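Keep the structure open while you read.

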Amino acid sequence: MSHFDDPVVISCSISGVIANRDQCPAIPYTPEEYAAEARRAVDEGASQIHIHARKPDGTPSYEIEDFQAITEAILAEVGDVIVNYSTGAIGIPIEKRLEYLRACKPDVAALNMSSMNYAKYSKRRKDFVFKAVFENSFDTIIEFLTEMKELGIKPEHECFDSGHVANLDPLIDMGLLEPPLQISLVMGVTGGIRPTPRNVTLMSDQIPGGPEGPNQWQTIGISRDQWKLLASALVLGGNVRAGVEDNLYLPDGEMCRSNGDLIAKARQMAEDVGRRAATVAEARELLGIPKRERSPA
């Protein structure tokens with residue numbers, strides 16, 4: 001198959017909420033900075049932007065007005081890119097997270113597929129940087145799914161271990177999900193699956209219908225192990241995500257100057273294995289997301 005027949009959906013994790021500008025100056029805080037970063041990412045091949053909102057001072061936000069301002073700025077700059085909101089949070093009520101979905105109606109919303117220990121560990125300190133229990137019970141998942149279905153929002157199923165992928169099975173059987181599913185294999189979080197290329201194969205083999213079946217899957221690699229994981233996904237036929245939420249560094253150890261640097265590397269890797277970045281229209285078709293003729297408000 002030539003690369004012209006094998007597009008890859010490249011997503012950009014544009015900001016995250018954990019790292020800050022002391023760690024990487026490229027992290028956007030204001031809506032205008034989000035828009036500029038989105039332009040750099042889209043110009044390099046991204047077709048989907050995954051958004052965690054921040055206030056202009058950089059603190060995490062779960063407020064409607066911040067999601068709305070960021071989304072409007074991005075769409076004014078790059079047009080029909082797929083807008084994907086985070087819904088994951090520790091200590092933020094479900095209703096608060098549903099409010100911004102109802103108000104802004106993104107194309108896609110991430111949905112974490114199981115409860116887990118969620119942590120970052122420092123070998124240098126011999127201690128955890130942070131640790132928490134990340135609650136995502138079936139009741140929580142079903143509440144989000146029901147609301148997303150009513151709103152016409154496509155869920156992105158974030159799976160941090162192989163068993164999380166299996167949690168899709170009863171939801172499919174209940175009729176709560178419709179193909180093509182968008183499944184993310186998140187690797188490298190302490191508490192989740194180890195970030196090894198073999199585990200990309202292990203997790204992708206669990207995709208309902210198989211890794212080459214009707215559903216779409218991508219690999220999300222956390223920290224500097226990211227690049228070997230993305231490479232594995234690309235040769236196995238999966239999609240990929242890059243951006244400053246996941247990893248701040250290029251393969252040679254240089255810190256990125258923007259999300260565009262990270263997306264450009266992911267695109268180059270896709271081309272090196274005979275694939276190419278999908279256009280937004282192609283990504284919408286692959287992921288089963290209609291073009292939305294409306295404002296984000």
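A residue is called buried here when its relative accessible area is under 20%. Keep in mind that this is a predicted model.

An α-helix has 3.6 residues a turn, so residues three or four places apart point the same way.

H9 has its own buried set: Asn259, Gly260, Asp261, Leu262, Ile263, Ala264, Ala266, Met269 and Ala270. Their cover includes strands E1 (7–8), E2 (10–13) and E11 (239–242), along with helices H1 and H8 (226–236).

| Helix | Residues | Number of residues | First to last C-alpha | Expected at 1.5 Å a residue |
|---|---|---|---|---|
| H4 | 138–151 | 14 residues | 20 Å | 20 Å |
| H9 | 259–272 | 14 residues | 20 Å | 20 Å |

In sequence, Ala36 and Gly260 are 224 residues apart, but in space their C-alphas are 9.9 Å apart.

In soluble globular proteins, nonpolar side chains tend to be buried together. In this model the largest nonpolar core has 71 residues, and the members that touch the most others are Ile49, Ile51, Ile74 and Leu101. A second, separate core of eight residues includes Ile82, Val108, Ala278 and Ile289.

What does Ile49 touch, leaving aside neighbours within four places in sequence? Its contacts are Cys12, Ile14, Ala38, Ala41, Val42, Ile74, Val81, Ile82, Val83 and Asn84.

How many cavities of 30 Å³ or more does the structure hold? There is one, and about 50 Å³ of space lies in the largest cavity. Its lining is made of Val9, Ser11, Gln48, Gln182, Ile183, Gln216, Trp217, Gln218, Asn239 and Leu287. Two elements, E9 and strand E10 (216–221), each give two or more residues to that lining, and E10 has the largest share, with three residues. By type, the lining residues split into four nonpolar, six polar and no charged.

One of those lining residues, Ile183, sits in strand E9 (residues 182–187). Is Ile183 buried or exposed? Ile183 is buried, because its relative accessibility is 0%. Not counting residues up to four places away in sequence, Ile183 touches His157, Cys159, Leu168, Ile207, Pro208, Asn215, Gln216, Trp217 and Gln218.

Pro180 lies in the loop between H6 and E9, and the peptide bond from Pro179 to Pro180 is cis, with omega near 0°.

Two residues other than glycine have a positive phi worth a look: Lys126, near 55°, and Ser223, near 70°. Lys126 is in the loop between strands E6 (116–122) and E7 (127–134), and is exposed because its relative accessible area is 64%. Ser223 is in the loop between E10 and H8. With a relative accessible area of 42%, Ser223 is partly exposed.

Technical notes
Residues numbered from 1 in each chain as written. Predicted model: local features only at pLDDT ≥ 70, side-chain atom pairs only at ≥ 80, totals over all residues. Heavy atoms only, no water. Core = buried A, V, L, I, M, F, W, Y, C linked by side-chain atoms within 4.5 Å. Buried < 20%, exposed > 50% of the residue type's maximum accessible area, 1.4 Å probe, protein only. Contact = heavy atoms within 4.5 Å. Helix = DSSP H or I, 4+ residues; strand = E, 2+ residues; numbered from the N terminus. Expected span 1.5 Å × (residues − 1). 1 Å grid on protein atoms, 1.4 Å probe; cavity = no way out; pocket = protein on both sides within 12 Å on 5 of 7 lines; lining within 4 Å. Points joined across faces, edges and corners; volume = space filled by probe spheres on them. Nonpolar A, V, L, I, M, F, W, Y, C, P; charged D, E, K, R; others polar.
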